[in-house]
Amino acid sequence: GSCRYNERTVTSTATSNSGPVRDRAIIHVDMDAFYASVEQRDQPQYKNRPVIVGGTGNRGVVAAASYEVRKFGVFSAMPMSRARRLCPQAVILPVRMSRYREVSAEVFKIFRESTPEVEGLSLDEAFLDVSASLALFGSIETIGASLREKILNRTGLHASVGMAHNKYLAKLASDAGKPKGFIHVPMDGVRLFLDPMPVNRIWGIGKKTLPGLRKMGILTIGQLRKADPVELRRVLGNRAGHFMALARGEDDRVVVASRADKSLSREVTFDKDINKQGELYSELQRQVESVSARLRAHGLVARTIQIKIRDARFRTITRRRSLALPTASTEVVFKQARDLLEIWLQEHVNTPVRLLGVGVSGLEEPDERGIDYDTAAQKALDKTLDEINRRYGESKLTHARALRTGQKSKPG
């Protein structure tokens, strides 16, 4: 469903980085069931069918649920075993993160055609400050409608769009309209929009604070807005003023244009805990190939290599090592990560491993000092692997040590 309010221009003397707070035009775009929708588009036989994307093993977790399967009570972050019980007929598909990143890049390119002020929250969600774009492209609703239409035409996917004069209201608007939502909350429509909503729709009000508010008879945002501040402080403490401001629809945070990733990582939770070194090294190689390829795709190099290990008793450790020269070499990253893993294995003999991950940080653009490659042949091999996998799909070509047979695993 969609809901639209009449626009009205309201001026204010309050200022911020992007002009008067009340003159801001903020759009929140959230793709509808993104991973599942990409799978339904790429594999038309699953269109209009209940689709779950996530880990397929016993310890799998739902990463995304199509709207067809949500009717059965299946939602993201739910254990896959429970999702299967709720909807036995669901189509369960593995996560294809490289594919979702490709589609996400298309979507974000569309965002930046309207404004450079794009704050990405995830692959499928972003805030856009289009205040400076109104004179060029028209009203906030015109821009919002254009975004939704371009995304559908170029990717075949639906997005929900929320529009308002601040981030908080824009986000609530896109959520309230899902799927295929299109809601604009103008200055004179804030109370009409907010007041009927359950009070736990306010960011930060959850399991700890909700019971106290209910005892006060506060069930809606409107009731919170009208509540006695003194009484509220007894329940909400020194954050009472903050929550009352949100109940009035006030939020002065600016859209912060996204910067390059500060780190890249990948991790896997195994279906069954393992302690065979060969299987761990094979999985490490696969992860390093993925992370290193992403580094090169972004035109970046990394100064720090990190591994993450969680054992069968859920104890988690991270180990990292910094390099003299930054690198994007699969071989160099693997050697450093393998050394860190070897040290842990020596200290924890026969300790079953539940989760293994590898990451790189200290990202920067390569300069005249060059990149740490042991040999020119390694550099040529990485380039060849990247080209083949880009053309035919991730993991079509891989290093031999990544091919050891072992149990299945799921992305963490």
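This is a predicted model: local features need pLDDT of at least 70, side-chain atom pairs count only at pLDDT 80 or more; totals for chains, interfaces and linings use all residues.
Threonine 155 belongs to helix α6 (residues 140-155). With a relative accessibility of 3%, which lies under the 20% limit, threonine 155 counts as buried. When residues up to four places away in sequence are not counted, threonine 155 touches Arg41, Glu106 and Val107. For one of these, glutamate 106, the C-alpha atom is separated by 7.6 Å from that of threonine 155, although the two residues are 49 residues apart along the chain. A polar atom of the threonine 155 side chain also lies 3.2 Å from the backbone nitrogen of leucine 157.

A separate packing arrangement involves helix α11 (residues 229-236) and helix α12 (residues 240-247). Two packed helices are described by the angle between their axes and the distance between the axes. For α11 and α12 the angle is about 115°, and the axes are 9 Å apart. On the α11 side, Pro229, Leu232, Arg233 and Leu236 take part in the contact, and they meet Ala240, Phe243 and Met244 in α12. By class, this contact between α11 and α12 has 6 nonpolar residues, 1 charged residue and no polar residues.

Side chains of opposite charge can pair when their charged atoms come close. In this model the count of salt bridges comes to 22. One of them joins the side chains of glutamate 267 and lysine 308, with an N to O distance of 3.1 Å. Because glutamate 267 lies in strand β9 (residues 263-274) and lysine 308 in strand β10 (residues 302-311), this pair ties together parts that are 41 residues apart in sequence. Both partners count as partly exposed, glutamate 267 with a relative accessible area of 25% and lysine 308 at 22% relative accessibility. Salt bridges that share partners also join Glu39, Arg41, Asp42, Arg96, Arg99 and Glu102 into one network; Arg41 is also among the residues touched by threonine 155.

Two further pairs can be described in the same terms. The side chains of glutamate 250 and arginine 248 meet in a salt bridge at 2.9 Å, N to O; glutamate 250 is partly exposed at 39% relative accessibility, and arginine 248 is likewise partly exposed at 39%. In the salt bridge of aspartate 251 with arginine 253, the closest N and O atoms are 2.9 Å apart. Here aspartate 251 is buried, with a relative accessible area of 10%, whereas arginine 253 counts as partly exposed at 34% relative accessibility.

Notes. Residues are numbered from 1 along each chain as its sequence is written. Side-chain values use heavy atoms; hydrogens and water are left out. A salt bridge is a side-chain nitrogen of Lys or Arg within 4 Å of a carboxyl oxygen of Asp or Glu. Buried means under 20% relative accessible area, exposed over 50%, partly exposed in between (1.4 Å probe, protein chains only). Helices (H or I, at least four residues) and strands (E, at least two) are DSSP runs, numbered from the N terminus. Axes are lines fitted to C-alpha atoms, for helices over the stretch in contact, and angles run from 0 to 180 degrees between N-to-C directions. Contact means heavy atoms within 4.5 Å. Ala, Val, Leu, Ile, Met, Phe, Trp, Tyr, Cys and Pro count as nonpolar, Asp, Glu, Lys and Arg as charged, and the others, Gly among them, as polar. A polar contact is a pair of N or O atoms within 3.5 Å; within protein, one must be able to donate a hydrogen and the other to accept it, and residues adjacent in sequence count only if both atoms are side-chain atoms.
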